[in-house]
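Hello,

Here is the structure I promised to pass on to you. Have a look first, and my notes follow below.

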2 protein chains.
Amino acid sequence: MVEEFKVTPWEVEGVVDYDKLIKHFGTSPLTEDLLEKTAELTKSELPIFFRRKFFFSHRDYDLILKDYEEGRGFFLYTGRGPSGPMHIGHIIPFFATKWLQEKFGVNLYIQITDDEKFLFKENLTFDDTKRWAYDNILDIIAVGFDPDKTFIFQNSEFTKIYEMAIPIAKKINFSMAKAVFGFTEQSKIGMIFFPAIQIAPTFFERKRCLIPAAIDQDPYWRLQRDFAESLGYYKTAALHSKFVPSLTSLSGKMSASKPETAIYLTDSPEDVEKKVWKFTLTGGRPTLKEQREKGGEPEKCVVFKWLEIFFEEDDKKLKERYYACKNGELTCGECKRYLISKIQEFLKEHQRRRKKAEKLVEKFKYTGKLAQEMWNEAIPEPLKRS
Amino acid sequence: MVEEFKVTPWEVEGVVDYDKLIKHFGTSPLTEDLLEKTAELTKSELPIFFRRKFFFSHRDYDLILKDYEEGRGFFLYTGRGPSGPMHIGHIIPFFATKWLQEKFGVNLYIQITDDEKFLFKENLTFDDTKRWAYDNILDIIAVGFDPDKTFIFQNSEFTKIYEMAIPIAKKINFSMAKAVFGFTEQSKIGMIFFPAIQIAPTFFERKRCLIPAAIDQDPYWRLQRDFAESLGYYKTAALHSKFVPSLTSLSGKMSASKPETAIYLTDSPEDVEKKVWKFTLTGGRPTLKEQREKGGEPEKCVVFKWLEIFFEEDDKKLKERYYACKNGELTCGECKRYLISKIQEFLKEHQRRRKKAEKLVEKFKYTGKLAQEMWNEAIPEPLKRS
């Protein structure tokens, strides 16, 4: 196949064709049936991420629902690589994860891969990624997880992850890792080992694991599914999300390394106004006259895409906006102003919660119920007695 | 060079030419000057391991002595891969290490690589190597280290080693690891990462590290010396020992996997008698008559080698035995009986101390002064308060 786009855990390029990606990765489409079943089991309306197909693909999500229905339960696992400030694109999957935790009442493990980011980013020091870990954890906590059912752990600190990764690291040889992740002779040995560390949390409980994450992380789960059962665990399930585009383009994904193309969670209302106003790609026509005559192209518009993915909760309003644009009734300026106000509103609330999160870090990392259970197994008995 | 022998961290084959090995590995011979200086600084007689040149090579041992003399100090590091019961060949370097700790009064870190042995041995489970870890630790403690200056740690448990290995794992790429250790496409990713774990303890203190170990471990230290200074630490120093031959041959090294060729530290007096009597290679002649006429060949005799390396403390007696053999005054039976009594005597005392070691495990691993300091840094503050 000629690749017009590229999706790996470290790179997303081009305009992604998600139907092709499902075939290419060998995953399954997230069907209406599964969504209805989700609504039924949770006795809830589906959240925007499901209604709008931001999550579009899965592995074994049907089995997760079955495990839940039949009382075996499951657990959630997701993560974050702390290489810089978090932006809108990073946080959206966490809101979906929160919804799943809340509705199914399950444990959630969040891995902060400060080791990975130090190893993979030539210019970052280990201290840098540890600092970003703390910073990013504030954003994650602000989403509002259950502190007694959520364990946020940093690999450099919850190093029991190393012990848990060892049996996994005996299942993967260099040839397999190379095929899946494209390692070369120049890859650092820490990078080569890292897949075992990212896979380890899928074995935290003897239940099926469900991972809500962008589809670029799927190669890890595919690898896990090759040997999970031989280690006495379940093949992990996954829910795959699309990528949130940057302000300037519908191709690739929002990148924290290009400040003008991303909205950071710490941006001020002025930053938001300036960036959206100045940089956002729209589906508008060159002149207002043409816009009125031919109508806009919402399919080619980042403003519309952002409203669709996250910022316009109301399905009816989104539909009306779509047709108003197509019919030339809307100007791009109007849409941008609407998006700006929506983002500002969201960030105001997020930043308020982020401030409060400072006092909750200890609970999520060490003293909450689930965190305590996990650390309890990590510290040898004689040290607890002393 | 045509290799008549082979020395890697996993294999020792053939009759090792130690002078060639010094050139091949690029190490330095342990000179009389350095040994005299050691005696002078420690105000002690040199122990058998130094007098008989069982330790024969080094890296930067001169700088270790200088650091000691000038008050900067140093620390000791060695280790053990727990894949089975320990034998005589495994324990001898630990006696040398004990002498160094005692005479120089320095800290000692002993790494038990239960991760490595599980990863490298196809047929061992992780539980197997963890069990052998406990078993081997008893033998190590029996040697008599200072419990407040010695930290014995198992990689599967003192997993902070993972965090410490990460900056190292960013310094080594697959190509380097392959060149040094011979990894292939089939090598497991845990094996490929392991050099970073074995190197990490050389950075436990901001002093120079001295590693007394068999020379087959030197490739790890050579690699460490390539980048240690770029990470703000010292290049490690090392003292290299020869290999203890098996009962049946002067080539290769004693192997725990061939029970009849090794004396285990848990062998009974009867085991010792039977094995030495039945299997030991000597330098004797086919008939007693020939032996009386031509004399024996102590250079080709494992009995003599074992006495030389460890079991005949008395230099004068060893020399007398050498000439008595050469002159045909001794029979191999006499020498075997002498060695049997020496080994029995040693094992009786070792096994008595091994029994007592059961009560000391906790101190060496967790509650001794040095162990406490190390664990104290490994456990996050909020967990200590709770």
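I'll start with a helix: α5 of chain A is mostly covered, with 14 of its 17 residues buried (buried is under 20% relative accessible area, exposed over 50%, partly exposed in between, using a 1.4 Å probe and protein chains only). Before going on, please note that this is a predicted model, where local features need pLDDT of at least 70, side-chain atom pairs count only at pLDDT 80 or more, and totals for chains, interfaces and linings use all residues. Residues are numbered from 1 along each chain as its sequence is written, chains are lettered from A and ligands numbered from 1 in the order in which they are written, and side-chain values use heavy atoms, without hydrogens and water.

Helices are DSSP runs of H or I with at least four residues, and strands are E runs of at least two, numbered from the N terminus. Just after α5 of chain A, A:G105 takes a positive phi of about 65°.

Next, look at A:H240, which sits in strand β9 (residues 237-241) of chain A. A:H240 is buried, its relative accessible area being 1%. Its side chain makes polar contacts with the side chains of A:S57, at 2.8 Å, and A:D218, at 2.7 Å. Such a contact is a pair of N or O atoms within 3.5 Å; within protein, one must be able to donate a hydrogen and the other to accept it, and residues adjacent in sequence count only if both atoms are side-chain atoms.

Happy viewing!
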